[in-house]
Amino acid sequence: MSKGRLEAFTDGVIAILITIMVLELKVPHGTDWDALSPVVPVLLTYVLSFVFLGIYWNNHHHMLHATERINGKVLWANLHLLFWLSLVPFATGWMGENHFEALPTAVYGMVLLLAGVAYTVLLRTILAAQGPSSKLAAAVGSDVKGKISLLLYGAAIPLAFVNQWIADGLYVAVALIWLVPDRRIEARITAER
């Protein structure tokens, strides 16, 4: 099965999610710096979520670039990922509008955790379709970054009820871990050319 439609559909969904998030940003009333202060939490949450969606889009692109074939299981696993990513605008809006309160911050973390789990499921499903000697399997290896990310998300959720800033710091830490795309895939593809 060709992977072109899967890539195009995913690109379109992620573009729509980013558009939904930006449309939720409200223009401040007033023309001085004080007018911006009520929207700062919303804007910070938007920036973090934009970065996360960008990371997923970028790594999804790299993963599929190293994928030779897909099947029905991969299509469903990709839809599973897109479902959790589609909740990012909701969680973003709730956390930002409520100034990083405990429950919205924890729900934001749950959405990120479940998106991370879905990405891992998608990766494993693609690897199963490709076989153990595929370019992608060699490039991904043991996926330490993915496992660390899931652990940090899992820790951040209960910590949101202790101190929201610790949870938010962990979310930022995960974003920083992934900000640079996984160069293992690029290096493996370049080496094989």
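This is a predicted model: local features need pLDDT of at least 70, side-chain atom pairs count only at pLDDT 80 or more; totals for chains, interfaces and linings use all residues.
Mentor: Residues are numbered from 1 along each chain as its sequence is written, and side-chain values use heavy atoms, with hydrogens and water left out.

Trainee: What makes up the secondary structure of the protein chain?

Mentor: Helices are DSSP runs of H or I with at least four residues, and strands are runs of E with at least two, numbered from the N terminus; by that rule the protein chain has nine helices and zero strands.

Trainee: How do you know whether the radius of gyration of the protein chain agrees with that of a compact globule?

Mentor: The radius is taken over C-alpha atoms, and the globule rule is 2.2 Å times the number of residues to the power 0.38. For 193 residues a compact globule would come near 16 Å, and the protein chain has 18 Å, so the value agrees. The C-alpha atoms fill a box of roughly 55 × 30 × 30 Å along the principal axes.

Trainee: Why is Thr-92 called buried?

Mentor: Buried means under 20% relative accessible area, exposed means over 50%, and partly exposed lies in between, with a 1.4 Å probe and protein chains only. Thr-92 has a relative accessible area of 6%, and therefore counts as buried. Thr-92 is placed in helix H4, residues 88-97, and, leaving aside neighbours within four places in sequence, is in contact (heavy atoms within 4.5 Å) with Met-21, Thr-45, Tyr-46, Ser-49 and Tyr-108. Over the whole protein chain, 43% of the 193 residues count as buried.

Trainee: Which class does His-99 fall into, and what is its relative accessible area?

Mentor: His-99 has a relative accessible area of 43%, so this residue is partly exposed. His-99 sits in the loop between H4 and helix H5 (102-130), and its phi is near 50 degrees, a positive value in a residue other than glycine.

Trainee: Is Phe-100 buried or exposed, and how do you know?

Mentor: The relative accessibility of Phe-100 is 9%, so Phe-100 counts as buried. Phe-100 also lies in the loop between H4 and H5, and has a positive phi of about 65 degrees although it is not a glycine.

Trainee: What share of the contacts joins residues at least 24 apart?

Mentor: Among contacts in the protein chain between residues at least 6 apart in sequence, that share is 81%.
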